[in-house]
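Trainee: I would like a close look at one part of this structure, the sheet, and then a walk through whatever surrounds it. Could you take me through it step by step?

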Amino acid sequence: MSNFHGSDIEKVANAYQINPEALINFGVNANPLGLSARSQKALAQQIELFGSYPDPDYAQLRHAISQYLSVDFSHILPANGTSELIHQIIQHFSPKKAVLYTPTYSEYAREVKKQGGEVLKLELTKENQFQFPADSFAQMLEDADLVLLCNPNNPTATLLSAEDLLPLLEKAGDIPFVIDETYIEFTDLPQSYSGVSLIHRFSNLIILRSFSKFFAAPGLRLGYAILSNSSLLHELQNSYPWNIHSLAAAAGEIFLTDREYISASRAYIQEERKRILAFLAGLPDLTVYPSNINFFLLELHRHSATELFLFLLRQGMLLRNFHDEIGSGFFRFCILDRQSNQRLLDGIADFIKNHSPE
């Protein structure tokens, strides 16, 4: 039970007989600032929306997204979370062979296999600092009929810029190319890394965004796709109206116009990332892989991540253990509030100090 989804805190607490309220969860990867005071107040004033049907076209939400990303209104498809979109897209294309990173978010492969498809694993390796393997990608395209990349990737933090994506899309030709940008807003310059600027150039490009992580609203179940192929957009739309409830649609509009919160979130993540990286650089027997977002992938050299997981769990801290998926020493944690972050850093340092050979 040392490996789990970031939302499985109840399962972990039950397995180890720990009060879940006493655990600090470093596995969830959401914005540590939480919902802004402005958003909370605005949403409280919208409670009457439960008494009315939403606009089936979600025009106001699409307009807010259009303004936020500077993309045409007609290219936006709101959905009940990116998980719904991933399911719809893979079901629609029913790929025989889909190119996916390994390791990456497990739902991609699960959906491909549910549709009877095979996963072509685009391996990210520690020897290459988990950077994109361009040569392998080009070879896989010969057999692939779908590409789905998480950018930035979870859990490796692998990040491609828009400039990097351009030749990949050109090589893909007509193959549907899906980019999940769930974590892109945590980067210092999202517009430099996002594929949104390329949407008009490629009819096979589909970009996914979520409100779960950066806007700290996983319970809202709200996401959207951006695509230039209008016929595909209409095909992907649900056959029934009102798949997003009224308050969720209103929340999306509120979040996207909360510029103060967006700026404060990026500034905090950037500052705290630098501080954490500086601290970790001073620890022995530990590799910290490159990250420009809100979480880090690390590797212990002399001990297993499971040992560290259990050591920190006894101190009320929960991180993600990637012992099985990547290697025995690999683990991941996200940025939370500064006090919690320092508590975790001190715990890691204490573990390394007390478990190192004399």
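Trainee: In what sense do strand 3 and strand 4 pair, and over how many bridges?

Mentor: Happy to. Please keep in mind that we are looking at a predicted model. Strand 3, which covers residues 97-102, pairs with strand 4 in the parallel sense, and the pairing runs over 6 bridges. For one of the contacts, look at Leu100, whose bridge partner in strand 4 is Lys121.

Now place that pair in the whole sheet. The sheet is open and has 7 strands, in the order 2-8-7-6-5-3-4, with mixed pairing. Its edges are strand 2 (76-79) and strand 4 (118-123), each of which pairs on one side only. From one strand to the next, the twist averages 20°.

Let us go to the edge formed by strand 2. Strand 2 pairs with strand 8, residues 223-227, in the antiparallel sense over 4 bridges. Here Leu77 has Ala225 of strand 8 as its bridge partner. In a regular strand, side chains alternate between the two faces of the sheet. In strand 2, Ile76 and Pro78 point one way, while Leu77 and Ala79 point the other way. All four of these residues are buried.

Leu77 also takes us to a pocket. Leu77 is among the residues that lie nearest the centre of the second largest pocket, together with Pro56, Tyr58, Gln237 and Asn238. The lining has 22 residues in total, and the pocket holds about 290 Å³ of space. Strand 2, helix 4 (82-93) and helix 9 (230-236) are the elements that give two or more residues to this lining. Helix 9 provides the largest share, with 4 residues. Sorted by class, the lining has 12 nonpolar, 7 polar and 3 charged residues.

Gln129 has a positive phi, near 55°, though it is a residue other than glycine. Phe130 is not a glycine either, and its phi is positive at about 60°. Their surroundings are worth checking separately. Gln129 is partly exposed, with a relative accessible area of 36%. Phe130, at 1% relative accessibility, counts as buried, because the cut-off for buried is under 20%.

Next, strand 5. Strand 5 spans residues 146-150, and the loop between it and helix 7 (162-172) holds Pro152. Pro155 lies in the loop between strand 5 and helix 7 as well. Each of these prolines comes with a cis peptide bond. The bond that joins Asn151 and Pro152 is cis, with omega about 0°. The bond from Asn154 to Pro155 is also cis, and its omega is near 20°.

A search of the whole structure finds 0 disulfides. Cys150 is in none, and the nearest cysteine sulfur, in Cys334, is 15 Å away. From the side of Cys334, the closest cysteine sulfur is that of Cys150, and the 15 Å between them is too far for a bond, because a disulfide needs the two sulfur atoms within 2.5 Å. Both residues can also be checked for burial. Cys150 is buried, with a relative accessible area of 3%. Cys334 is buried too, with a relative accessible area of 0%.

The whole structure has 2 cavities of 30 Å³ or more. The second largest cavity has a volume of about 30 Å³. Its lining is made by Gly34, Leu35, Ser36, Ser39, Phe215, Phe255, Asp258 and Tyr261. By class, those residues divide into 4 nonpolar, 3 polar and 1 charged.

Note on methods: Residues are numbered from 1 along each chain as its sequence is written. This is a predicted model: local features need pLDDT of at least 70, side-chain atom pairs count only at pLDDT 80 or more; totals for chains, interfaces and linings use all residues. Side-chain values use heavy atoms; hydrogens and water are left out. On a 1 Å grid over the protein atoms alone, a cavity is a set of points where a 1.4 Å probe fits but cannot get out, and a pocket is an open set with protein on both sides within 12 Å along at least five of seven lines; lining residues have an atom within 4 Å of a point. Grid points are joined across faces, edges and corners, and a volume is the space filled by probe spheres set on the points. Ala, Val, Leu, Ile, Met, Phe, Trp, Tyr, Cys and Pro count as nonpolar, Asp, Glu, Lys and Arg as charged, and the others, Gly among them, as polar. Buried means under 20% relative accessible area, exposed over 50%, partly exposed in between (1.4 Å probe, protein chains only). Two strands pair if DSSP finds at least two bridges between them. Axes are lines fitted to C-alpha atoms, for helices over the stretch in contact, and angles run from 0 to 180 degrees between N-to-C directions.
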